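This briefing sets out computed features of the structure shown below, grouped by topic for use in a computational setting.

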Amino acid sequence: MAAASAAEANSVSNDEFLVRDDVPGLLAALKEMKDGLDLVRGKVEAITRKVKANQLPAGNGIGYLEAKNHMLLGYCQDIVYYLLRKTKGLSVDGHPVVRSLVEIRLFLEKIRPIDKKAEYQIQKLTNAADNATAREKAGNAEVKGKDGHSDEEDLLMYRPNPEMMDTKPGPDGQDTDGVYRPPKFMPTSMDDEEKRHKKDSRRDKAIARVATENPYIKEIIDDAADRPEEWKETVGDESREFGRYMRQREEQEKQEEELFTRAPVTKRDKQMEKRIRRQLHGLGGLTDGFDLGMNMLLGGDKEDDGGSSKPHGKSGNRKKHLKSSKKRKRH
Amino acid sequence: MMNQHREEDALRGQAVKNQKAIWDKTLEMRFLLQKAFSTSNKLPQEPIRARFCNHDKQIEQAYDDLLNSSKQTLSSMMELQEAMLESNQATKGANEMPSASNGDNDEWSEVQRLQTRITTFRNTEIDKWQRKIQVTTGAAALKGKLHAFNQNISDQVAGYMRDPSRMINRMYLTNSAVSVFGKDVGEPGTAEEGHNMEGDPELIDDSEFYQQLLKEFLESCDKGASESAIYALKKQQVKKRKLVDRRASKSRKIRYHVHEKVTNFMAPEPMVLPPMAPKLFENLFGNAS
């Protein structure tokens, strides 16, 4: 019995020690909390005075922001009530203040994506207010100075504006006055005889060019005209460039024979002849032994069907080669 | 016609600015309350509190001061909310409930009354803006799927609050984390140890949420400040170019490159040929002839 009483006295003494040790800390904590709450209360009262004096009118604002403000203010009230219960030394387990704190916290966390997405619209409205303030200042300056019209660019003019649409005209599409107005047509171009002639002549020229340049068409035409077949030195199809070159050389040869003069050969002509000779793929060797160029060789093949009008050569060497190179077939 | 829209947007923008100002002030309240909120978890509960008051008169006086300050702060906050409700037309329709005057729960009854008053308005506005944003971002295309996400936010929160124990348990602190005044934490014991591992229902903390709010506030401040700061710097900054003589290049000016002094330089002296030189040269090629 004495031992139990001694143990109890020892426990009470231990508690007394704990209380005595923690007195300064508790005193400091209580004072700190009181100062913090006094500061908060001062700020709250300042805002309340502003709201009551209507210095912060928010009636036209966004209801969503108003709801957010009310939730955060409710959260602060819950915290202060929690402090009150703690100060009284009462228990908070099972009290609805904890539920309320959790609920408001969940709301504020869940609406965070809405905040981020709605930021653009809020920013736009804020910019509109800033522009209005700047315009008022500019308007005051203009009134003091001169009557100038400010045509600053307003980004809000790009909204749809139903008032700007025209009123629909009458059902018949005519004005009420008696003046007749012809209907409008698309501009059209008339047929032209001269253009048609030009077009026809151009088509004829194209057909003639095809008849002379295209070997297939040329063969068909020659067969229809019953002309003799020509012997060609080349193997395979001739290229377009080769054909053009040959025709050019033939014309030149003909003119030289008629005028009895030799046209000067330019360096470009020589280069072209060399390149075309190289294109024969080995057949160039056939002309190695001849003194004259390839043009003379090929020029000798062509003769008129009307008669045998040979050129009058001044040298026997020329006649010799012409005779030996004659390879024309007769039907 | 254009001016009318401009005026409406200007008024609305001004109201939005005021709403944001009120939000910033309320955030400031929250930040200032955090210290007191953390310290309140250290306060002792009733048997030990009475012992502290009996032990020292200053403790009792400090407790009374803190109690009065708490009540006044709560009253001022409720007054602010009343003023906000009165000044806004949209929230005026919230139904007024008569105040139940209980002697014990008077403060909590008032807080509960105010929060019940704004519940309908809050749910309506949040759900409206959620639908608006879903339509804007095209999230409505997922209407057939993900039913849990497509619910209204108020419905989601209501679902959570049917069983809030999981959420509440996350906010508990442990006895070892907080040193409560007048409480001995040095008792070794298995049962006590097990009890300490779990959270104490008497200690509530929301540091995570507080830090989120603080981070968001700092981000928004940085964004606003950075834009204006960058713009101001760009305006003030005048490009400075080096002082260079532009005519020096392309043979417009004659340049003089001064080289070092020539040291140890001797002028050439005429060589004095010895008298035997002609004979020497004759003898060199003499044998050939």
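The secondary structure of chain B comprises ten helices and two strands, where helices (H or I, at least four residues) and strands (E, at least two) are DSSP runs numbered from the N terminus. This is a predicted model, in which local features need pLDDT of at least 70, side-chain atom pairs count only at pLDDT 80 or more, and totals for chains, interfaces and linings use all residues. Residues are numbered from 1 along each chain as its sequence is written, chains are lettered from A and ligands numbered from 1 in the order in which they are written, and side-chain values use heavy atoms, with hydrogens and water left out.

**Chain B: fold and surface**

- Along the sequence, the elements of chain B follow the order α-α-α-α-α-α-α-β-α-β-α-α.
- Chain B has 289 residues, of which 31% count as buried; buried means under 20% relative accessible area, exposed over 50%, and partly exposed in between (1.4 Å probe, protein chains only).
- Considering contacts (heavy atoms within 4.5 Å) in chain B between residues at least 6 apart in sequence, 63% join residues at least 24 apart.
- Chain B has an accessible surface of about 20300 Å², and carbon and sulfur atoms account for 54% of it; accessible areas come from the Shrake-Rupley method with a 1.4 Å probe, and for residues only the protein chains shown count as cover.
- Strand β2 of chain B contains Leu203(B), which counts as buried at 3% relative accessibility.
- In sequence, Leu203(B) and Ser38(B) are 165 residues apart, while their C-alpha atoms lie 9.5 Å apart in space.

**Interface of chain B and chain A**

- In this interface, 109 residues of chain B are in contact with 101 residues of chain A.
- The two chains bury about 11200 Å² between them, with 70% of it on carbon and sulfur atoms; buried area is the accessible area (1.4 Å probe) that two parts lose on being put together, summed over both.
- Three salt bridges are found across the interface of chain B and chain A, a salt bridge being a side-chain nitrogen of Lys or Arg within 4 Å of a carboxyl oxygen of Asp or Glu.
- Lys43(A) and Glu28(B) form a salt bridge in which the closest N and O atoms are 3.2 Å apart.
- Between chain B and chain A, ten residue pairs are in polar contact, both residues being at pLDDT 80 or more; a polar contact is a pair of N or O atoms within 3.5 Å, and within protein one must be able to donate a hydrogen and the other to accept it, while residues adjacent in sequence count only if both atoms are side-chain atoms.
- The elements of chain B that give two or more residues to the side touching chain A are α1 (2-40), α2 (46-55), α3 (57-87), α4 (106-137), α6 (153-162), α7 (165-170), β2 (200-204) and α9 (207-236).
- The element that gives the most to this side is α1(B), with 30 residues.
- By class, the side of chain B that touches chain A has 52 nonpolar, 30 polar and 27 charged residues; Ala, Val, Leu, Ile, Met, Phe, Trp, Tyr, Cys and Pro count as nonpolar, Asp, Glu, Lys and Arg as charged, and the others, Gly among them, as polar.

**Salt bridges and their surroundings in chain A**

- Over all chains, the structure holds 13 salt bridges.
- Asp38(A) and Lys34(A) meet through their side chains in a salt bridge (2.9 Å, N to O), and the two are separated by about one helical turn because they are four residues apart in helix α1 (residues 2-52) of chain A.
- Asp38(A) is partly exposed, at 23% relative accessible area, and Lys34(A) is likewise partly exposed, at 25%.
- A salt bridge also joins the side chains of Glu45(A) and Arg41(A) (3.8 Å, N to O); both lie in helix α1 of chain A, four residues apart, about one turn of the helix.
- Glu45(A) is partly exposed at 35% relative accessibility, whereas Arg41(A) is buried at 17%.
- Glu256(A) and Arg262(A) form a salt bridge, with the closest N and O atoms 2.8 Å apart; Glu256(A) is buried at 10% relative accessibility, whereas Arg262(A) is exposed at 53%.
- Salt bridges that share partners join Lys34(A), Asp38(A), Arg41(A) and Glu45(A) into one network.

**Arg85(A)**

- Helix α2 (residues 63-88) of chain A contains Arg85(A), which is buried with a relative accessible area of 12%.
- Leaving aside residues up to four places away in sequence, Arg85(A) touches Leu90(A), Ser91(A), Val92(A) and His95(A).
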